[in-house]
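Please have a look at the sequence and the structure first.

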Amino acid sequence: DDATHFVLWKNGQLTRTQVETLGTSYLDEKMAGVWQIETHDAEKAIEKFATLERSPQFGEDLIPLVGRNGKRNHQIPRQKLPEKLMEQTREWMGKILNSAKAFCEEEKVLHPHYIFTGSTTALNGFLEFLCDEFSLDARIGCTKKVEAPNETLVDSSMAGILGMYRWLATLERDRQRLFEPKGMVQKTFASARSWFANYF
């Protein structure tokens, strides 16, 4: 919620990470200001009603907004929510992509493949929004080769965490192979693979 985590992979190796203090809470705060409600209530409204699809049709539907701490309860037309959210997300994602571009340029990665994880990727129309607004061809990350309940595996907000967990487990296994007693050929192969991974 409070940060965006960049992870750069080159040739199958984790090369560098960076954290930007610009998470989805930025959207919640902006939308709370627009609707004059608390940030927590804006977050709940976005989770329940938001979409990034272009021109969604909701008819005359209304969204109830809870007022707390002296702010009044009120309703807004459901059609208004995606319009405002699109505007705020465009600004927020523009900042993130500018940081990502600078991050990649520092590492001499000229044509990066973008893979997104996190709760925002669950919004309807997320990938289409990136393509339309930023001409960005991207994918949503999903978890593979991890044993976990299916609802966890299909949750894109968990993909980054589970992927790092899998990578760390694999890294530890590879290192253990170097120290465990085994045949000379296997140990030489493991050492050579580790050397190539580190230097190429």
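Let us begin with a cysteine: Cys 131 is partly exposed, with a relative accessible area of 43%. The classes used here are buried for under 20% relative accessible area, exposed for over 50%, and partly exposed in between, with a 1.4 Å probe and protein chains only. Cys 104, at a relative accessible area of 7%, is buried. How many disulfides does the count come to? The count comes to 0 disulfides, where a disulfide is a pair of cysteine sulfur atoms within 2.5 Å.

A word on the source: this is a predicted model, in which local features need pLDDT of at least 70 and side-chain atom pairs count only at pLDDT 80 or more, while totals for chains, interfaces and linings use all residues. Residues are numbered from 1 along each chain as its sequence is written, and side-chain values use heavy atoms, with hydrogens and water left out.

**The overall picture**

The protein chain has 7 helices and 6 strands. Helices (H or I, at least four residues) and strands (E, at least two) are DSSP runs, numbered from the N terminus. In sequence order, the pattern reads β-β-α-α-β-β-α-β-α-β-α-α-α. Of the 200 residues in the protein chain, 32% are buried. Among the contacts with a separation of 6 or more, 51% are between residues 24 or more positions apart; contact means heavy atoms within 4.5 Å.

Thr 24 is buried, at 16% relative accessible area. Leaving aside residues up to four places away in sequence, Thr 24 touches Asp 1, Trp 92, Ser 119 and Thr 120.

Within H1, the buried residues are Ser 25, Tyr 26, Leu 27, Asp 28, Met 31, Ala 32 and Trp 35.

Just after H1 comes Gln 36, with a positive phi of about 60°, although Gln 36 is not a glycine. Gln 36 belongs to the loop between H1 and helix H2 (39–49), and with a relative accessible area of 51% it is exposed.

**How the helices pack**

Two packed helices are described by the angle between their axes and the distance between the axes. Axes are lines fitted to C-alpha atoms, for helices over the stretch in contact, and angles run from 0 to 180 degrees between N-to-C directions. Angles under 35 degrees count as roughly parallel, over 145 as roughly antiparallel, 65 to 115 as roughly perpendicular and the rest as oblique.

| Helix pair | Axis angle | Axis distance |
|---|---|---|
| H1 and H2 | about 100° | 8 Å |
| H1 and H3 | roughly 140° | within 10 Å |
| H3 and H4 | roughly 75° | within 11 Å |

H3 is therefore roughly perpendicular to H4. From H3, the contact uses Met 86, Thr 89, Arg 90, Met 93, Gly 94 and Leu 97, and from H4 it uses Phe 126, Phe 129, Leu 130, Glu 133 and Phe 134. By class, this contact of H3 with H4 has 7 nonpolar, 2 polar and 2 charged residues. Here Ala, Val, Leu, Ile, Met, Phe, Trp, Tyr, Cys and Pro count as nonpolar, Asp, Glu, Lys and Arg as charged, and the others, Gly among them, as polar.

H1 and H2 are likewise roughly perpendicular to each other. Leu 27, Asp 28, Glu 29, Met 31, Ala 32 and Trp 35 of H1 meet Thr 39, Ala 42, Glu 43, Ala 45 and Ile 46 of H2. That contact of H1 with H2 divides into 7 nonpolar, 1 polar and 3 charged residues.

H1 (residues 25–35) and H3 (residues 80–106) are oblique to each other. Their contact is made by Tyr 26, Leu 27, Lys 30, Met 31, Val 34 and Trp 35 of H1 with Leu 81, Lys 84, Leu 85, Gln 88, Thr 89, Glu 91, Trp 92 and Lys 95 of H3. The residues of the contact of H1 with H3 comprise 8 nonpolar, 2 polar and 4 charged.

**Two further residues**

Ser 135 also has a positive phi, of about 50°, without being a glycine. Ser 135 lies in the loop between helix H4 (126–134) and strand S6 (138–140), and at 67% relative accessibility it is exposed.

Finally, Gln 13 lies in strand S2 (residues 13–20) and is partly exposed, at 30% relative accessible area. Gln 13 and Trp 167 are 154 residues apart in sequence, and their C-alpha atoms are 9.5 Å apart in space.
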